[in-house]
Structure formats: C-alpha cells, structure tokens
Amino acid sequence: MLDQAIIEQFRSLLGQGNVLTSKVNLATYSYDATADVPRGTPDVIVMPTTTEQVQSVVNLARKNGIAIYPRGAGTNLSGGTIPVERGIVLSLQKMDKILEVDAENLTATVQPGVVIQDLNNAAAPHGLMYPPDPGTVTTATMGGSVAENSGGLRGLKYGVTKHYVMGMEVVLANGDRVRFGGKTVKNVTAYDFSNLFVGSEGTLGIIVEITCKLLPSPKFRRAMLATYKTVKDAGNTVAGIIKAQVIPATLEIMDNMTIRTVEEFAHVGLPTDAEAVLLIEVDGMAEEVVLREAEAVVKVVGENNGEMRVANSDEERDKVWAARRAALPALASLNNTVVLEDATVPRSHITNMLLALSEIGRKYHLVMGTFGHAGDGNLHPTILADKNDADEMSRVHKAVDEIFATALEFGGTLSGEHGIGMAKMKYLGNEIGDTGLNLMRTMKNALDPTHMLNPGKLIPAPAEEVEHATR
Amino acid sequence: MQPDEQSASGQGIYDELKAIQKELDKCMHCGFCMAVCPIYATEKTEASVARGKVGVAEAVMEGKLALDDPEVIDMLFNCLVCKSCMQNCPTKVNFDRIMLSLRAAIVRKNGLPWLKKAIFSTLKHPALFDRGMKAGALLSGLAFRDAGQQAIAPRSPFAIMGKRAGFDENRLLPALAKEPLRDRLPDVVSNSKPKTKAAFFTGCSMNYFYPDTGMDLISVLRENNVEVSIPKDQGCCGIPVFVHGDVETIRVLAKRNLDAMDRTCADHLITSCGSCGGAWQHEYQEIFKDDPVYGPKAEYWSKRTYDISTFLVDVIKYRPPLGKVDAVVTYHDSCHLKKTMKVSSEPREILKHIPGVTFKEMSKPDACCGSGGSYVLTHFETSTAVAKRKVDDARRTGATTVTTGCPACMMQLSDNVNRFGKGQQIRHYISVLAESYRNEKQSL
C-alpha cells in the first residue's frame with residue numbers, strides 16, 4: 001500500500017475528486033477489455049486535468065519509486081493497462097478537450113482523453129474524418145489508440161493510427177514535457193519521435209496532446225457480400241482484387257464457424273452453408289470511379305467461384321456491416337471466455353493461414369471462429385472457452401502458442417493491431433530476436449531508467465526471455 | 001423482442017443472487033456501455049459505468065468484496081437504471097437484472113434502511129398514502145411558492161437550508177394536486193357507442209402531480225370513443241420500490257393492481273408513464289414467474305398493456321385531430337418508454353400530425369434526462385449535469401415546447417429548463433393532442 005502522505009499529496013495537487021482510493025474504485029481499475037490475463041489492483045487512481053498535473057504526478061511517483069500505468073478508456077485487448085505491480089493508474093479521461101479542428105490544414109489537435117468518435121463528430125461538419133476506426137471507435141480515447149497504434153476495418157486503404165499522427169506533446173519519466181512534429185505535411189526535423197511514441201504502449205512517456213491528420217470523407221461507397229464454397233476461393237479473391245488494382249476501403253472475411261454463429265445470433269441472412277464470406281466496400285469521391293471499382297470486384301469474385309450480393313440501399317449496406325459487427329459478440333456469446341488474437345500475415349498467405357488456423361482448432365479440440373481484415377492479412381482467430389475448465393484453458397494456451405508460431409513461419413507478425421502488452425510479451429523474442437529485445441531495452445533504459453512507466457508490459461525482463469526459450 | 005432476451009430470464013433472479021452469474025458471464029468487458037452511460041459521461045470513472053459495476057459484482061460473487069460494504073452499496077445506487085447500456089451491449093447483457101438483483105440481495109441481507117422502510121411501507125397502505133399526499137398538497141404553501149407550470153419552488157429559509165441537496169430557490173418541484181386525478185374521475189368514463197373498453201393505470205405521478213395531463217388523456221380517449229375504467233383501488237406500480245431492492249413491497253402492490261384491473265373486464269390497459277407501463281409489460285411477469293395465481297394474471301395483462309401512443313396509433317387507429325396548435329415542438333424519449341416498452345415512433349407520429357405543430361428532432365433524443373426517479377434526490381449534482389446536456393440539446397432545436405411521455409421526465413425537465421433552458425413549456429405529448437382536439441371545437 002502507498003503511504004497515506006503520498007495520497008494526500010496527490011489530493012492537494014489534483015483536487016479531492018480526481019484521486020480515487022476506495023475499494024470499489026481500486027477493483028474497477030484492475031482489468032481492461034482483455035480476457036484470460038491476470039488482474040492487478042492499483043494503490044490509487046489519479047485523474048489529472050492539466051499537463052502540469054501529469055508532470056507533478058510523474059515527479060512525485062519518481063521520487064517515491066512508484067509505478068505509473070497510463071490509461072485511456074481501458075478498451076485494449078493486450079492487457080496493456082492492467083496495474084500488475086500495484087502503483088498508480090493515471091487515467092487521462094478527464095483531459096478530454098478537442099483543442100482545434102483546422103480545416104485549412106486538415107489537422108486536429110486534441111487532448112488524450114478525447115473519444116475517437118467525438119473527434120469524427122467535430123470533423124464531420126467540415127466534410128472531414130479521422131480515418132482510423134478500431135471496433136471501439138465510440139469508446140476508445142485518442143491517447144489510448146495512439147499509444148496502442150490501433151488499426152481497424154479501413155486499414156487496407158486508409159492505413160492505421162500511425163499514418164495520421166503528425167505531432168504530439170509528451171511528459172517524460174524525468175518530468176519534462178516535450179513537443180515535436182506539428183501541422184506541416186513535411187517535417188524531417190530531429191528524430192521522428194511521433195513514430196516512436198505511437199505504439200509505445202505507455203512505456204516511454206505519457207502522451208498529453210496529439211496533432212493528427214484529417215481526410216475529406218468519401219462521398220460515395222458500395223458494399224458487397226461474396227459467399228464461397230471453399231476458403232481457398234475466398235483467399236484467391238482477396239489476392240485477385242488487389243491484383244486488379246482495386247484497393248477497397250474494407251475487405252473482411254468470416255469463416256464458416258463465424259458465419260453460423262453470427263446468423264444464429266443476429267439473423268442477418270448469412271448463408272450458413274458457405275465456407276467463407278467476404279464483406280467488401282469500395283469508396284471514393286467520384287461515383288463513376290466507385291462504380292467501376294465495384295464492377296472490377298464483382299468480376300474477380302465471379303472468376304473465383306464466389307456468389308455476389310451488392311447492397312443497393314443504405315439498409316442493405318447496414319445489414320452487411322451489422323453482420324461483421326456481430327462477429328465478435330456472437331462468438332463471445334458461446335462461452336464465458338473470449339480469447340481474441342490478431343496474428344497477421346502477408347496477405348498472399350491469407351488462405352494458408354486460414355487453413356492452418358482451422359487445423360489448430362481441430363487439433364486442440366477447441367471452439368474457434370476466425371474473422372478479420374483479410375485485405376491486410378490481419379486475422380482474428382477467436383477461441384471460446386470456459387475459464388473454469390483448467391484442461392480446456394491449457395489447450396487454449398497451446399493453441400495460441402501455435403497460432404503465433406504459424407504466423408511467424410509465414411513471415412507475419414504477432415500483432416497487427418492489438419499490441420503486445422502483457423498478453424503477447426513472452427513471444428516477442430521469437431519475432432525480433434535477442435538483438436531486437438536489446439534495442440528495446442536500450443531505448444527503455446534511456447527514456448525510463450527506473451522502469452516506472454507501465455512496468456511488466458511490452459518489454460520482457462531478461463528472466464522471462466530465458467523461460468520463453470524453454471517453451 | 002430479441003430471442004436472446006426471452007431465454008435469458010433468470011430463474012428467481014430477484015430471490016437468489018447466484019442466478020445472476022449467467023448474466024455476468026455474458027459480459028466481455030468491451031466497455032461499449034461507456035459510449036451511452038449518462039453517469040459515466042458526467043463522472044468519467046470506471047465505477048460509474050456498467051462494465052465497472054459488473055466488475056464489482058464479479059468481485060462480490062468471488063467473495064473479494066462484501067455485498068453490504070457501504071462503498072459497494074453506494075456504487076450500486078449510483079445508477080439511473082435507464083437501460084441505455086443495454087441498448088449498446090453487443091453481447092446483450094441484461095444489466096438491469098444484475099443491478100436490481102444485487103439491490104434486492106442487499107435488502108434481503110440487511111433489510112431496508114429505516115427511512116426507505118418508513119416511506120415504502122406507506123405505499124402498502126393506500127389510504128394512508130393518499131391522505132399523506134393530500135395533506136402535503138395543503139401544507140406545501142408553507143415551504144414553497146407557486147412557480148407556474150404546475151410547479152413550486154422552495155421559499156427562502158428552506159431554499160437556503162436545502163442548497164446542498166439541490167433544494168435551492170431555483171429548484172422547481174411539481175406541485176402536489178389538491179384534488180388528485182382519480183378523485184376527479186368516476187370509476188368508468190362511459191361512452192354511448194364505445195369502440196373498445198380500456199382501463200387506465202394512472203400511476204402516482206399523473207394522479208398526484210399531473211392530474212390535468214391525466215384529464216387530457218381521458219379527453220383524447222373520449223374523442224376516440226373509448227370507454228375508460230379508472231379503478232379507484234389501483235395504486236403505485238411498485239417500480240420506485242423495486243429499484244431500491246424492495247421485492248416484497250412491489251409484490252404486494254402488483255397483486256393489488258392486477259386484482260383491480262381484473263375487475264374492470266377491460267380489453268386493454270393504458271399507461272402514460274414508461275416505468276408503469278414497463279412494470280405491466282415485463283416486471284410483473286418476472287416477479288411472479290413461479291406464482292401459480294399471479295403469474296398467469298401478469299402474463300395476461302402484459303400482452304394487453306400499451307402506452308397511450310401505441311394504443312392510439314396501432315390499436316384503435318385514432319382520429320387525426322384538426323385543431324391548430326401553433327408550437328415548435330421537440331420530443332424527449334423517456335428511457336423506460338423507449339428502452340423498456342420500445343415506444344419511440346408513435347409519439348412522434350402523433351405530434352407530427354397535429355396541425356400547426358412544427359416538429360424538430362433534438363440530437364440524442366433518447367439520452368437520459370438524469371431523473372432516474374429518486375436518483376435526482378440522492379445524486380442531485382450528477383443528475384443535474386446529465387439534465388443540462390439534455391436541456392442544451394433541446395434548446396438547440398429552437399423548440400418552445402419540450403414534450404415527453406413520462407411524468408418523471410416532465411418533473412426533471414421542468415426543473416432544468418428553468419435552470420439551463422429558456423423556460424420552455426414541458427408537456428406530455430398527449431396534452432398537445434388533447435389541445436388540438438379542443439381547438440377544433442372552438443374553430444367550429
């Protein structure tokens with residue numbers, strides 16, 4: 001437990017209402033949206049409202065050797081915000097102001113606690129949008145999604161969070177506030193610190209302001225649903241669409257298990273006998289271009305034995321995306337524990353990966369559905385299990401080990417968009433090797449020598465690396 | 001109704017806490033509830049929102065926190081039970097059941113706090129409750145001044161003392177009627193050529209605070225040749241005590257109401273309050289799930305209960321009014337009307353078809369107004385912050401009349417348009433329709 005005197009100092013620095021210590025509050029910051037990871041109870045939750053307050057929290061924590069866990073809305077899927085070693089949860093949710101939408105420069109400047117959708121709502125009257133769209137767009141904060149480098153459904157055409165961050169202000173472990181990047185399209189001054197802090201998962205500094213890029217919203221779009229008798233045909237369609245030089249905004253896949261579960265759950269009219277479906281949307285500023293792209297997609301689908309349905313109205317379009325949105329909750333309704341992974345492969349390997357995943361599910365006798373962003377090779381194998389069944393959970397863990405090993409064999413990566421956090425930390429060395437781990441540690445030691453920022457995440461301690469080698 | 005909702009009704013969920021485990025397991029902690037929770041939007045803490053409350057419920061079930069820990073109790077009562085989270089929940093967690101069964105478990109374990117016990121027990125004695133409300137109406141002039149719109153405001157010494165609880169001089173409370181609605185009406189308002197027979201469940205708020213609105217509803221039914229029974233022996237629907245975990249009292253009240261309605265031999269039951277209507281449609285069935293006598297009665301009436309708007313639009317195809325009502329009108333979706341009774345298009349249809357009415361939709365019309373029945377009394381500051389957002393959204397439409405379908409929302413809105421708005425008129429939508437019918441006679 002923290003010394004009461006320190007809590008009192010927080011209270012005088014931040015105000016009574018911004019320092020939470022009750023049992024109930026401590027319990028509610030012991031988890032995030034990640035299943036099957038250890039929980040951890042913090043000593044205190046602080047909710048600063050200014051950058052100066054963030055600095056004062058950091059300084060007080062450093063002097064007293066207390067860990068700090070920065071947190072947005074706690075919607076991540078890597079266990080990235082869980083306070084595993086007690087200490088301070090630093091919630092940035094009360095720093096929630098949109099400082100500026102600059103329509104002339106196509107930028108916005110926000111505090112970290114702004115919810116992504118609120119930024120989109122503020123940009124919409126200018127005909128602009130902030131393209132990264134993780135599934136949690138209506139709840140996740142800008143700070144959290146920048147720290148996690150979130151992806152989303154539009155990644156194939158529009159990229160992910162890192163492609164939209166132009167500058168930021170960060171409070172470092174030594175208490176300094178540093179500002180870099182800005183509103184200019186071009187900027188090669190100094191190291192590219194923005195790209196260092198994007199995806200740093202709260203381990204290098206605390207992001208207190210973000211300047212990001214906005215884009216004009218597309219005016220036309222066309223949604224389509226293609227159904228397949230084999231996974232291979234679906235996989236070949238993905239490759240074929242890209243080869244035809246069409247970049248859909250969204251190109252999603254669902255396997256048979258997911259299709260059946262979604263249909264049972266949401267009754268959206270999916271063909272339950274299909275081995276796979278692709279959900280495709282093309283968009284753009286000119287109707288003619290969008291229609292031409294849609295035609296090209298229809299052609300490729302036909303060449304690969306797919307059956308095509310085009311959404312001709314907003315209602316039909318909504319139905320297509322309702323099916324996709326229902327994928328995770330529908331699967332989740334099958335059992336009490338949802339292990340959702342985001343192993344990612346080069347898209348040329350999407351068919352191989354899908355087949356390998358269903359083989360892994362069979363091998364360990366697990367209920368597993370796979371859906372995800374086929375267009376960018378980012379799949380979400382989702383295992384449903386009973387957390388009270390030790391045998392089943394041990395099979396889940398073996399299957400997860402194998403999923404990651406397979407993704408790496410195909411030249412892929414451990415995480416396409418959820419981040420490493422603590423859920424995937426033990427696998428990190430498998431992808432980046434000892435030299436990669438050393439580089440991570442060198443940077444961590446330089447910026448946060450006492451490892452007080454989000455300890456136990458992203459960067460494995462040397463001992464864990466040894467343990468991992470024996471796995 | 002979603003198929004999942006039916007199967008998920010827990011066996012004895014309000015009598016045995018462990019029945020909620022199934023609901024808790026449905027939660028995947030995604031936090032989507034944060035997007036819509038009015039308390040979370042105000043406080044921004046995890047304990048404000050459904051996910052946090054599920055987290056604490058899990059800790060209680062695992063024995064890590066005590067159910068009757070004062071901190072746990074405080075957190076459980078910091079919820080409006082507006083059910084907004086349930087509309088946005090991807091895995092369809094019936095959060096209201098979790099919340100209310102936890103509150104019921106606290107009451108089973110510790111009993112009701114003395115003040116609640118004293119108040120709730122009067123409800124079980126309708127004559128006593130009725131006398132109390134009438135005495136209140138006579139005495140209110142001592143502490144309150146008449147502030148228009150059927151409202152009163154605290155007089156100065158009380159206003160100063162009550163400041164912390166929100167009873168300042170700006171607080172507008174509904175005036176208690178000197179003659180309640182049911183006293184003004186016969187048992188049956190008959191009709192020479194009745195199209196159908198309906199019973200009107202007035203609810204306490206219409207009876208004691210807004211009897212004029214109740215009279216408007218009766219006049220609308222009369223215009224449409226509906227014979228209306230208003231049984232005198234009906235009482236409180238029980239929701240106000242049920243949300244405090246008092247399952248025993250709601251069962252007493254529900255039995256009396258079910259018996260009263262049985263005696264009317266009406267074809268339909270009409271409500272003008274989302275909470276009352278929700279009780280008839282859902283809660284009575286749940287609390288009498290295993291009751292061989294009252295279970296079937298509750299089921300019978302649940303299928304025949306309609307909000308007045310649904311009754312007019314869908315059941316009897318009401319006669320469109322011809323009288324002009326010059327007003328710019330917006331409509332606030334009461335939580336229990338929209339989220340429990342699934343009524344949202346019908347009141348709008350009624351309003352839009354009134355000659356002279358310009359209807360303006362506000363942004364987030366179904367966001368909670370922050371009343372939550374007694375929540376406004378126990379959590380005045382949060383409640384008012386929630387209401388301010390609602391009043392701001394209503395003001396941006398330029399409407400001069402804010403309508404809604406629930407008297408509790410009317411009370412909350414009246415108080416808060418006075419604080420943050422432009423003193424817009426607050427009306428039940430049925431009163432606007434009644435006015436139109438009245439005006440058509442004047443123009444003849």
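Modeller: Strand 6 (residues 107-110) and strand 10 (residues 205-213) of chain A pair in the antiparallel sense over four bridges. Strands here are DSSP runs of E of at least two residues, helices are runs of H or I of at least four, and both are numbered from the N terminus; two strands pair if DSSP finds at least two bridges between them. This is a predicted model, in which local features need pLDDT of at least 70, side-chain atom pairs count only at pLDDT 80 or more, and totals for chains, interfaces and linings use all residues. Residues are numbered from 1 along each chain as its sequence is written, while chains are lettered from A and ligands numbered from 1 in the order in which they are written.

In this pairing, A:Thr107 stands opposite A:Lys213 in strand 10 of chain A. The open sheet of chain A has five strands in the order 5-6-10-8-9, with antiparallel pairing. Strand 5 (98-102) and strand 9 (177-181) of chain A each have a single partner strand and stand at the edges, so one side of each has no neighbour in the sheet. On average, neighbouring strands of this sheet are turned by 15° against each other, direction ignored.

Helix 3 (residues 51-64) of chain A packs on the sheet and touches strand 8 (165-172), strand 9 and strand 10 of chain A; residues are in contact if their C-beta atoms, placed from the backbone, lie within 7 Å. The direction of helix 3 of chain A makes about 45° with that of strand 8 of chain A. Axes are lines fitted to C-alpha atoms, for helices over the stretch in contact, and angles run from 0 to 180 degrees between N-to-C directions. Helix 4 (residues 116-123) of chain A lies across strand 5 and strand 6 of chain A, at about 40° to strand 5 of chain A.

Key:
Two residues are in contact if their C-beta atoms, placed from the backbone, lie within 7 Å.
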